Amino acid sequence: MSQSRRTFLKVLGAGAAAAFSSGPIARALADSSNSKEFFILIHQAGGWDVTLWADPRNSRKGGYIGDPATTLDIDPAKITGWQNQPLDSGAGVTFQLLQKGNYVLGPAMGSLAEMYDRFTLINGLAMNTVSHPDGTYFSSTGRHLAGGRPVAASIDTMLANELVSPQNFLPSVSVNFPSTFIGNNLDASVSPLRVTDVTAVAKSLARTTLYDTDQDRANVTALLDKESSALAQDAYYPQVPQAFELQVGRMPQILSDDIRGLFDANKLKAAHPSFFYAGQQYQKSGALNAAFAVEAIRKQVARVVSFQMTSCDTHNSNYKFHPQILQETFEMIASLIREMDNTTFVGSNDKLSDHVHILVVSEFCRTPQINLSGGRDHYPNNSALIVSPRIKANTVFGSSDPQQLLPVEQKGVFSDGDRAPSPADVLATFMGAFKIDPRKYMRDGEVIKALLR
């Protein structure tokens with residue numbers, strides 16, 4: 001047993017230690033290989049067009065019946081990866097496919113395409129839904145909605161429940177991410193802090209000195225901390241007073257200027273200006289969330305940060321801006337990688353990029369055909385992107401058929417037979433990289449072992 005774990009159990013006291021020993025903090029301390037791992041989970045809302053990035057198609061040859069993106073239906077002026085390619089038939093000009101490492105990529109990838117040796121693609125995901133709410137929660141929990149409600153824990157909750165450490169007093173922060181806290185084997189302390197805007201937290205932490213002083217509040221905090229500790233010693237179910245004691249004990253830190261600064265937009269922009277640039281239109285809030293993720297993880301305040309990007313749900317002529325919406329998403333991910341390469345943890349020489357793992361998902365993709373309004377509609381195919389030193393990079397798993405209509409069955413991969421991968425398999429694989437048994441939380445899904453380093 002490590003010294004840190006012995007010390008923490010001793011502090012808790014003999015009565016509380018027994019209950020603690022099966023909790024998430026004990027598991028994290030016991031597994032030193034996962035003790036420094038952190039997570040950024042991103043949901044691209046609206047359903048992205050995989051033909052523009054992960055599974056590009058730009059020709060009607062070979063039986064492809066879709067409508068490729070052309071200068072007639074999108075605006076390529078701000079798309080850095082766009083290079084004109086004549087169509088085999090029809091009017092307009094489409095784009096050249098980008099050959100990068102083992103990938104064929106689309107123009108919306110932006111500068112992330114040049115980082116092909118840092119990310120992993122999973123294509124041909126079988127969604128079995130075209131509903132925004134259903135696909136959204138399917139991507140984060142591995143389960144479809146039942147009666148319009150999620151029925152399982154989301155990936156951020158699962159990771160926090162397994163890997164949270166004592167110093168992560170905000171185990172999971174969720175900014176509009178499809179987070180859920182559902183299940184009998186979850187510790188109450190890892191329930192995601194769900195907010196619509198990181199700056200809203202700073203406002204809620206503001207305290208006036210009109211009626212009391214900082215010392216007055218410190219005295220009350222000390223009294224509550226002592227009372228909750230005493231209750232935990234006598235309680236039949238000590239987890240509740242322990243959780244309250246944990247919250248009270250963390251209050252001085254949460255109210256400190258250092259923590260409040262994590263939720264200050266101006267300070268975040270000053271700390272990580274690379275996320276913000278001239279011409280950025282659609283993903284400014286996502287950029288702010290990314291800056292927050294880097295700061296919260298750098299200080300080891302949060303173990304998991306999850307957030308949602310501005311929606312790219314387009315069905316009519318505004319599809320012409322769709323590539324730029326996606327490009328800003330992938331530029332933000334490229335900036336994340338660069339920032340993590342150049343940032344170390346507070347009190348350590350370890351780079352964030354060696355210990356931070358990124359998963360990017362959406363609820364489905366768009367149709368291969370452009371509709372009569374000049375847009376693409378919902379379609380039950382999908383892709384996912386992973387940036388992790390524990391997952392093989394420059395690797396694509398799965399595919400769609402030549403018409404880009406259906407995901408292709410993968411032969412000899414899954415124990416339940418030949419089938420296309422699903423979001424549950426993506427989540428299971430992500431957890432499997434940290435030797436977490438997905439069956440503790442998930443009914444479906446299987447680790448794709450070929451993707452693990």
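In which sense do strands β6 and β13 pair, parallel or antiparallel? In this predicted model, β6 (residues 120–122) and β13 (residues 384–387) pair in the antiparallel sense, over three bridges. Thr-120 stands opposite Ile-386 in β13. Strands of a sheet pair through backbone hydrogen bonds, either parallel or antiparallel.

**The sheet**
- Eight strands make up an open sheet with mixed pairing. Their order is β8-β7-β9-β1-β10-β13-β6-β14.
- β8 and β14 (395–397) stand at the edges with a single partner strand each, so one side of each has no neighbour in the sheet.
- On average, neighbouring strands of this sheet are turned by 15 degrees against each other, direction ignored.
- Helix α13 (residues 423–432) packs on the sheet. This helix touches β1 (38–44), β6, β10 (356–362) and β13. Its direction makes about 180 degrees with that of β10.

**Strand β7 and its partners**
- β7 (residues 170–175) is mostly covered, with six of its six residues buried.
- β7 pairs with β9 (residues 302–309) in the parallel sense, over five bridges. Ser-174 has Ser-306 as its bridge partner in β9.
- β7 also runs parallel to β8 (residues 193–195), joined by three bridges. Here Val-175 stands opposite Val-195.

**The nonpolar cores**
- The largest nonpolar core holds 71 residues. Ile-42, Trp-53, Leu-112 and Leu-385 have the most contacts inside it.
- Leaving out residues up to four places away in sequence, Leu-112 touches Phe-119, Phe-330, Ile-333, Ala-334, Ile-337 and Leu-385.
- A second, separate core has 37 residues, including Val-361, Ile-391, Leu-427 and Ile-436.

Methods: Residues numbered from 1 in each chain as written. Predicted model: local features only at pLDDT ≥ 70, side-chain atom pairs only at ≥ 80, totals over all residues. Heavy atoms only, no water. Core = buried A, V, L, I, M, F, W, Y, C linked by side-chain atoms within 4.5 Å. Buried < 20%, exposed > 50% of the residue type's maximum accessible area, 1.4 Å probe, protein only. Contact = heavy atoms within 4.5 Å. Helix = DSSP H or I, 4+ residues; strand = E, 2+ residues; numbered from the N terminus. Pairing = 2+ DSSP bridges. Axes fitted to C-alpha atoms, helices over the stretch in contact; angles between N-to-C directions.
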